[in-house]
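User: I am new to this kind of model and would like to learn how to read helix packing and nonpolar cores. Could you take me through them with care?

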Amino acid sequence: MKTVTITLANPPELYLEGQNITPDNFAGKKAAEIATLDVWEGKMKSPLGKYFTVEGEGGATAAETKIIVRGDCTRVKRIGQQMTAGEIVIESNADMYIGGWMKGGKIHVKGNVDSFCGIGMEGGELIVDGKAGCHLGSSPRGEWRGMQGGLIRVAGDVGSDTATFINGGTIIIGGDADIHVSTHGEGGTVIIKGNAKARVGGQMVKGDIYVYGTIENPLPGFKLVGEVEQEVDGETALFAHYIGDLGERHPVSKGKTVYANIYTRI
Amino acid sequence: MGELIIKNGFVFDPLQGVKGDRMDIGIKDGKIVETTALANPKAIDAAGMTVMAGGVDIHSHVVGPKVNVGRLFRPEDKLFKSPHKSPTCNRMEMGFSVPSTFKTGYDYARMGYVFVNEAAMPPLHSPHVHEEIRDTPIIDNAAMPVFGNNWFTLDYLKNNEIENNAAYTAWLLRATRGFAIKVVNPGGTEAWGWGLNCDNIHDPVPYFDITPAEIVKGLIETNEFLGLPHSMHLHCNNLGNPGNYTDTLDSFKLAEGYTPKNNFGRDQVMHVTHVQFCSYGGDSWRNVESRADKIMDYVNSHENITIDMGQVTLDETTTMTADGPFEHHLRALNNLKWANTDVELETAAGVVPYIYSPTVKVCTIQWAIGLELALYAKDPMRTFITTDHPNAGPFTRYPRVIKWLMSRAARDETMKTFKWLDRTIESTTIDSIDRELTLYEIAQMTRAGPAKALGISNIYGGLAPGMDADVAIYALNPEDMPSDPEMIENAFSRCAYLIKDGVVTVKGGEVVSEPAKRTVWVDVKVPENAQVQRDIYEHFLRHYSVGVENYKLFEEHLHNPRVIEVDSTQ
């Protein structure tokens, strides 16, 4: 694995669209070539080298390429968008759409991220040490095919509309979640280790949600069916088990109706 | 405007019977002229290339409120599917199945099309339709107001008042600057207001107590009474359901005994649109099968009918139609988002995304049925290429449809991707058809035929002196056709040249200029009719949400009109 280190030396005045910062685009390129990749500040297109200093070179393939992003990237968006393999480490905060439409590989953000991170994710891993904004692991606007696979792990709190239209994959939230979790979900798992606010699992057809703390305003479309012991993220605990959303259509599999599940820890 | 000469191309002009002869085409002041009339023309070398008139699309949903609903509620149709702004175009482009107005105009031009007939205009929303026509660059547009569920029409036809219905039709064509009589699921969309439908042509409409058959016959009579350029344009009852081919044949039979009366060279009294959706046998989606052969047997032996295909292109697309109950039915099938609206006394509409997948048996059978229709056509001047854009696929796939029609190998290649190939072959006859259409037949199905059926073949669809100088040049050598069918699709996707109104508009597949576009509409002169005037006044007073003076299109909404005048008082 070869490493490319890019350091934000001249921070943008506006927000920077950094969708070209991926192992896929860096693979097979020398530092000078990487510095010529396009980034956009508002509608102005510039080479990456205008903002970042580039050291090192990409590996032969995306899988053999690791990118370390240094400097304060609070105003850099879309790092790792649509990446298929390789690794990115962002040593600061980052803005929106980090790891959006990701298919593989790993992104590790050591600070906070803003909204729409891991949106439309199909595979790979997105690890955030701080907090995340809204629409984490959600589907893009209008799209009914949301997160298909992969893992998102956020240590802190997240904003609203997490995992809308989730179809697969896992989202683990260390802190609290704001309203709307797994709305329209048809699969996948969301684990909230803190508290959830309201509208958890609205219009959900299939899939699982675990809440370790409390749900401030649970939805009436979910019905308590019992208590179960489950192993979640490596630890076993006792949960109250709810099924729903009873106002929504539900598929029948092998003669049994499939519901979405919400588990709250007892 | 200058002079142009297109030299040495292989010219295909079915309206004049020109079958690939090497000819020069002269252009002066936006019109085709004899080459002898040119003094000092600029030359375009078309040696080794195919020259046709600009394409004419008889049925496509490109402008208006339901198209815009499709744009609004499918942002995902734009995501990663919108090209960066072309440096040679004035405006940026967006969307795939429901492209932005600008992309619509540019993409039609890139394919060598110059005229597109909007398939359904809700009369109440005609200002929206005309504003979008204005914003769709390059291509000339007409729009057909829908009549098949209109309360005025239903009332007049119930009492068999053809003359009154004709006066109302003329008034509405003028009020909306419309082009022809469109009929969508006659009676069924009105019945949808009661949560019902008209499943066959003898199923009466609630309250109005009139049958779809009576509506269709009445509108044919109205159309021929007025002598409009285009015929009655029908979207059949019970569309999109297994076993509906008998209903379609019943609808066809309604045209029997009628002969066209018009001064526009039109020979049909009924155009039936997107017939692919109307040619299903079987009694459920489990055993649905093709009845395209039966449908085409009828069409081939009855000269007063024209049809278009509605070819499924196996893409993710957006369905939209004034057939409200059908869209509701579709939503229940695929559980995706659904938009629905009712348009007061006139019509309704629905919009649902749909994925035609090569892994789904019904979709691949639909694909085969569309192609069968065109391949069984004995008279390509009466069967036209459409995808009912965007219902069966986006119009940008016409080149792919042409490829399938011109190449058995291309059809086989596509069929290899089918999950249910055996079932598709069992349920259709596509595998037994070896016919490959010629460039001349393609010219018939994409320009000459539609122009004739629309009654505009004196302006569009041909290359005779005096017609609009709309010429498409494709990089295809008829004497040395490429062995790879992909090259056919490429050539028709991006024409080598499009000349629109004598202006070089597309060059090497790129839009290089944006000549003024027009709105084509039909102004019919009818005798003064006091009763109809009073009916209009009364209905607007009692039932409409707008006043009649605000309803009629304001002149400022109408963009660069080209009026086709009809005098029915003679």
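Analyst: What follows treats a pair of packed helices and then the cores. This is a predicted model, in which local features need pLDDT of at least 70, side-chain atom pairs count only at pLDDT 80 or more, and totals for chains, interfaces and linings use all residues. Residues are numbered from 1 along each chain as its sequence is written, and chains are lettered from A and ligands numbered from 1 in the order in which they are written.

User: At what angle do helix α8 and helix α9 of chain B pack?

Analyst: Two packed helices are described by the angle between their axes and the distance between the axes. Here α8 (residues 245-253) and α9 (residues 292-301) of chain B pack at about 5 degrees, with axes 10 Å apart; α8(B) and α9(B) are therefore roughly parallel (angles under 35 degrees count as such). On the side of α8(B) the contact (C-beta atoms, placed from the backbone, within 7 Å) involves Y245(B), T248(B), L249(B) and F252(B), and on the side of α9(B) K294(B), I295(B) and Y298(B).

User: Which residues have the most contacts inside the largest nonpolar core?

Analyst: In soluble globular proteins, nonpolar side chains tend to be buried together. A nonpolar core is a set of buried Ala, Val, Leu, Ile, Met, Phe, Trp, Tyr and Cys residues joined through C-beta atoms within 7 Å, where buried means 20 or more other C-beta atoms within 10 Å of a residue's own. The largest has 173 residues, and V51(B), L373(B), V471(B) and I473(B) have the most contacts inside it. Helix α11 (residues 361-375) of chain B gives the most to this core, ten residues. Apart from it lies another core of 67 residues, including Y51(A) and L126(A).

Conventions. Axes fitted to C-alpha atoms, helices over the stretch in contact; angles between N-to-C directions. Helix = DSSP H or I, 4+ residues; strand = E, 2+ residues; numbered from the N terminus. Parallel < 35°, antiparallel > 145°, perpendicular 65-115°, else oblique. Contact = placed C-beta atoms within 7 Å. Buried ≥ 20, exposed ≤ 12 C-beta atoms within 10 Å, placed from the backbone.
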